[in-house]
Each structure stands twice: as C-alpha cells, then as structure tokens.
Amino acid sequence: MKIVLEHITKRYPNRNRKVGGVFTAVDDFDLTIPDGKLVGLLGPSGCGKSTTLNMICGLETPTEGKIWFGETDVTNLTPELRGVGMVFQSYALYPHMTVRENIMFPLGNLKGADKLSKEEMLRRVEEAAGLVQIDELLDRKPSEMSGGQQQRVAIARALVKTPKVLLLDEPLSNLDARLRLSTREEIRRIQRETGVTTIFVTHDQEEAMSISDQIVVMEKGVIRQVGKPQRVYDEPENLFVSKFLGTPPINVFAGRVAGGRLRIGDDDVFEVPGVADGEVMVGIRPEGFQPATHGALHCELVAVERMGRDTSVVARHPALDATQMRAIVSSDARIDRSLQMVCFAIRPEKCRLFDPQTGERIRFDGDAVGEGAAR
Amino acid sequence: MNTRSLKGWLYLIPAIAFLGVFVVYPLFDVFVYSFEEGYNSASQTYFGVGTYNYSYVLRDPYFIQALKNTFVLVIVTVPLSTLLALAISVALSSIKKLRELYQTVYFLPYVTNTLAVGLVFMILFQKTPYSDGFVNQIIMALGGNSVDFIDGPHWAKMTVMCIYTIWVVLPFKILILTSALASVNPDYYKAARVDGTSSWRIFHRITLPMISPMVFYLVITGFIGAFKAYGDVVGIFGTNLNAAGMNTIVGYVYDMLYGNSGGYPSYASAAALILFVIVLTITCINLLVQRRSVQTS
C-alpha cells in the first residue's frame, strides 16, 4: 500500500497555559512512502515523529493536510477502517491474557461478514505466531517472557489482521543492546516475508540506517531530508542531518573560503573550486582524516584509543565548534604521541561545507562521492 | 538474636504494648466472657462455663431481627454501591470538563458527619403532621401514595437504610476506583482502539480485569463495613432500634452492654463472636473467589 502524506500539519494548544498559543508538532509534512518498503522516521525526541506515526495510524487527526492510502483518502477514518497494525513502544500487551489471547484479541473485534469462526481465529493466531517464531510460547503470560519475546508477540498481534500498513513506535528502545541487533534483523525479515509497508519511528540513527529502505530525518516537525540511508549519510543536505547521522559524529569546524581555497583556522586545507568567498561551516566525517607528516590540519593531540580494527584519535583544534574532535584512522597508522601534535590530510569526499547562517549545504567540485558512488 | 533485631523489637514495644492492652487482651476477654454462663456484672461472678449464651442469643427474636436486617443491608448495598461507584468512576474518568467539581461533589459525604447526614435523611424521608417529607412529595407528584419511611412499615425503613448506606459508602469507592482507572496504562486503550475494539469490549476485557484487584478490595471492605453498620442506623431511627425493628448485630451487642436491657456482657460477647465468625467466613469466601478469578500482572 502506497502512503502519501500531503502537507500534513498538526498543532496543539500549548501545554503551558501561561504561554498560551499553539505548538506546531508537525509542520507541512509532505512525503510519499512506496508500497512494500521499510521506512524509518528518524529524529531527536520532540521532533514530531511519533505524532506523524499516530496520524498515519489514525489515533490523531492532522490539523491540515490529507493522508492517502493508495487511492483512498483516510484522513478522517478511524484506525480500524484504515487497516493498520501498530506496535507500541511499551508493547501494550494485555497482562491478564495469555499470548494466544493477546494475539487473538484484534480478531475478536471483527463483526458481521468479517466475523471469523473460532477455528479460523486459532489458525490465524498460529500463523502469526509462526511468522515471529513464538509458537512455543502461546500459553504463557506476557510477564513470563523476555522483552524481545514480548515484542514479537506485539508484532504478531499487529499482523494477525493482515494489515496493509505496519507501524512501529520506537520498536527497539526497550531492549538491551545485544537483543537490539538481533531484533532489528528480525523486523527486517518479517517485513520482507510479509511485504507489508512498514513505518517505524526511532531516535537512534544506527537503528534507522541499518534496516530502512528509506529514512526520513526530522527536526522540529519539519522534514530535513529523505532518502536511502547511505545516501543521506554521504550527501547530507544540511548541517543538522550531517550532525545527526554517524557515530562517532561528524566534526564541525568554522572555516573560510578565500580565493577558491578552504581555510580552517590558520590551516590552508585544500582547493574548493566554485565556492564563493566567505565564512563556511566545515563538516568532516571521522573517517575523513588521514595522519600525514605534512597534512594540512594541525591539531593538538589529546588521546589515541586503539580499538582493534581501527584507531580513534582524539584531538583539539582552535576552529572546532566542540571541545574535541574524533578521527577514525587505520590501525596501521603510526602516530607519535610524544609530539603532542598531529597533522591530518583531509579527504575532500568526506568533507562537507555548509552555510553558517542557514545550515544548507554548499557544494564544491570534488566533494561529491559522485552520483555513481552514492549507493 | 542479634543486636539489629533486638533494636527492632525495642522500637516495636510501644505499639505492641498499646495493641496488646487495648486490642488483643479485650479480644481474648470477649472470647472468655462468651462462655461464662450467668455472669453478673455487679459482683463479677458467674455460675458455670458453657454454650448457653450462644443458644440464648440465637433464640432471641431481637437478635434474629438484627441478623436479618444486617444481611439484607449487606446483600443489597455492597453489590449496588460497588456497581454504582464503578459506573460513576468510569463516567468521571471519561470527562474532562468540570471533572474536579464532580469529584468534590461525590466526595462530600465522606467528610460529612454521620449523625448530621442521618438527620438530613430523616428530614427528607420523615412524615410529620405538618409535612409529608421531600421524598413523599416526589412520590405523590408521580401519582403514588405517601409512605412513612421512618416510622412506617419495615420494608420502607429498610429502603431508607439501604439508600443511605449506599450514598455514604460511595465516595470512598469512587475515590479508589478513579485512581485505579487512572493507573491503567493508556497504551492499552490506544492498542485496543487501533484494532477497532468496541467500548464495551474494552471495558470488560481490558479495564475491568486491570482494576479487578481494587474492585475485590472494595467488595471485601464493603462487606465488613456493612456488617458493622450501627451508627448510621441510630442517626436515622434513633436509639431504640429494637422497638423500631431496625436493629443490627452491632446495635444488638451495644444494647446488651449499655442499652435499657443492658448489663449482659456475656450475651454481647456471644453476639460479637457470632458476627466475627460470619465476617470471617464471608471474607474467606471472597478471598477464594478472588484468587481464582482476579488476574495479577
């Protein structure tokens, strides 16, 4: 089911009555989600991603705009008429029912011509349980299960009515780190097997990057960028997106372009053809630094952390917008700690320029990973 | 015994001493009294030991009347007040405007003096040479015949008693149930809404099981409270309850001790122990039912 969100806006009366006025949670949100894809809504808390999910679900109605499921306008339809399944952050499994009763609960709501026989219901429950691999646990109570198992039950309950759209609100945030890895694979597998259009909300960029076909980065109710995860990472359209994606985060410097050359502090870094003279923000990914004796960027060395596969270099630079920067370099790199200085050569394709006022990307020849390279 | 637990016992001594003197010893004493036959409170002597006090009490028509009254009161008011409180709490938790105002109104009986409320009820229901009373005016306006609720037939008096009891126990039940309802995670309701669950199904498959421990708590305390009814009855029907045919078990105990026919601590003790056995039995049954049907999360 293709989903189209057409200029969706959601406003609430401000919670603080003294201030009054309205709070815009989602502002002119325009997005098309192709059929059968797994899409991650990503953003810091309070950016409106959960509100967006609730509006797609039908738990909330947009103040303005329309929502289309395929050719149907569902803006004012109740959730059950939209054919959505939803997995809540708390899973919301009914604690007094067994797993079987929990999964069967949505089927019991069907009325009239849709009403199912008891046998058919049980068969559907078995099917959904099989899909999420909890067949053995059907007679347990939710409290007798681990967090990961509870989540599978919640997914099975959302899928048992064979919805056209599956919505997941922070699906992994209540799980411990190890379970998160396996569960996100599991969500990916279930989505592939069922082919159901799936939208999930997360504030964890790694989670979104790892399983989404498409990510939607949001900030303060506004879409900042939409695209394939790797492409959004490689080609951020603004400073917010570049800072939000990537661990360790991108290092941001105050820089200046003069005569077609980029300068960071007193260091003349490289040529940036086609950029007008003036102030710029320079974002350099941790993997964009190469230790080199005659490297352009002169940094004060703080620490070298060897982490097996690669080495993390913590350093300071006067033009940095944070107190420290972090570079990830190959573990073969020899860094002389006694010098207390380290020089880096910068890889232009890992370096992004932004307008200091608007935060928008400023392109220069040579910064592109290239259309072909953006997988 | 180590120092730590010795210290603990030391801190407990004041409470234990107090409870021992004023609760445990009297309880034990009541038990002893109830088996002392022909006890004379003036000389503090008795003839013998046996079960005569019990057989006397159980054959006393006043006790039988008190027993009947108490049972009717319990059987009528406990289920009705709990259901009513549940309905009001659900309604309260589904409105937003004026909710605090309503909550305050429903809570007023709880902070009002029992005897004062009893008098108000008497005025509402009583028939005097000058007025039929407010309730009778309504009945007559609806085309019925006026009834003397305070000095009239037994069923009319029981009706007043039941209405009064329900009204007086409602606030506490509403208070407990509204907080129980508020503690249910709203995600359950959202999940049910996404699945298109009807509000009745949400109520009896989700809400009710979630708050059932509290409902059972209210039923048990409601039973105990209704079995102990006395003060409210006096407030409406005056102190001579036997004459009004409106005595309760606790009222009978009181009369045996201090009433006109008073001075019979043995009969009073026997009646009190009978009440104790009844309450104990009912509470045990309640707990058994609860263990079987209430779900704990």
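Biologist: How many Å apart do the C-alpha centres of domain 1 of chain A and domain 2 of chain A lie?

Modeller: A word on conventions comes before the answer: this is a predicted model, in which local features need pLDDT of at least 70 and side-chain atom pairs count only at pLDDT 80 or more, while totals for chains, interfaces and linings use all residues. Residues are numbered from 1 along each chain as its sequence is written, and chains are lettered from A and ligands numbered from 1 in the order in which they are written. Domain bounds come from an automatic or database domain assignment, which here divides chain A into domain 1 (3-239) and domain 2 (248-362). The C-alpha centres of these two domains lie 39 Å apart. Their contact, where two residues count if their C-beta atoms, placed from the backbone, lie within 7 Å, takes four residues from domain 1 of chain A and seven residues from domain 2 of chain A.

Biologist: Where does A:Pro248 lie, and what kind of peptide bond joins A:Thr247 and A:Pro248?

Modeller: Helices (H or I, at least four residues) and strands (E, at least two) are DSSP runs, numbered from the N terminus. A:Pro248 lies in the loop between helix 9 (239-244) and strand 11 (251-258) of chain A, and the bond that joins A:Thr247 to A:Pro248 is cis, with omega about -10 degrees.

Biologist: Is A:Tyr91 buried or exposed?

Modeller: A residue is buried if 20 or more other C-beta atoms lie within 10 Å of its own, exposed if 12 or fewer, and partly exposed in between, with C-beta atoms placed from the backbone. A:Tyr91 has 22 other C-beta atoms within 10 Å and is therefore buried; A:Tyr91 also has a positive phi of about 70 degrees, although it is not a glycine. A:Thr162, again not a glycine, has a positive phi of about 40 degrees, but A:Thr162 is exposed, because 12 other C-beta atoms lie within 10 Å.

Biologist: Which residues have the most contacts inside the largest nonpolar core?

Modeller: In soluble globular proteins, nonpolar side chains tend to be buried together. A nonpolar core is a set of buried Ala, Val, Leu, Ile, Met, Phe, Trp, Tyr and Cys residues joined through C-beta atoms within 7 Å. The largest one here has 151 residues, and those with the most contacts inside it are A:Met86, A:Ile103, A:Ala156, A:Leu167, A:Ile199, A:Val282 and B:Ala271. Helix 7 (residues 154-182) of chain B gives the most to this core, with ten residues.
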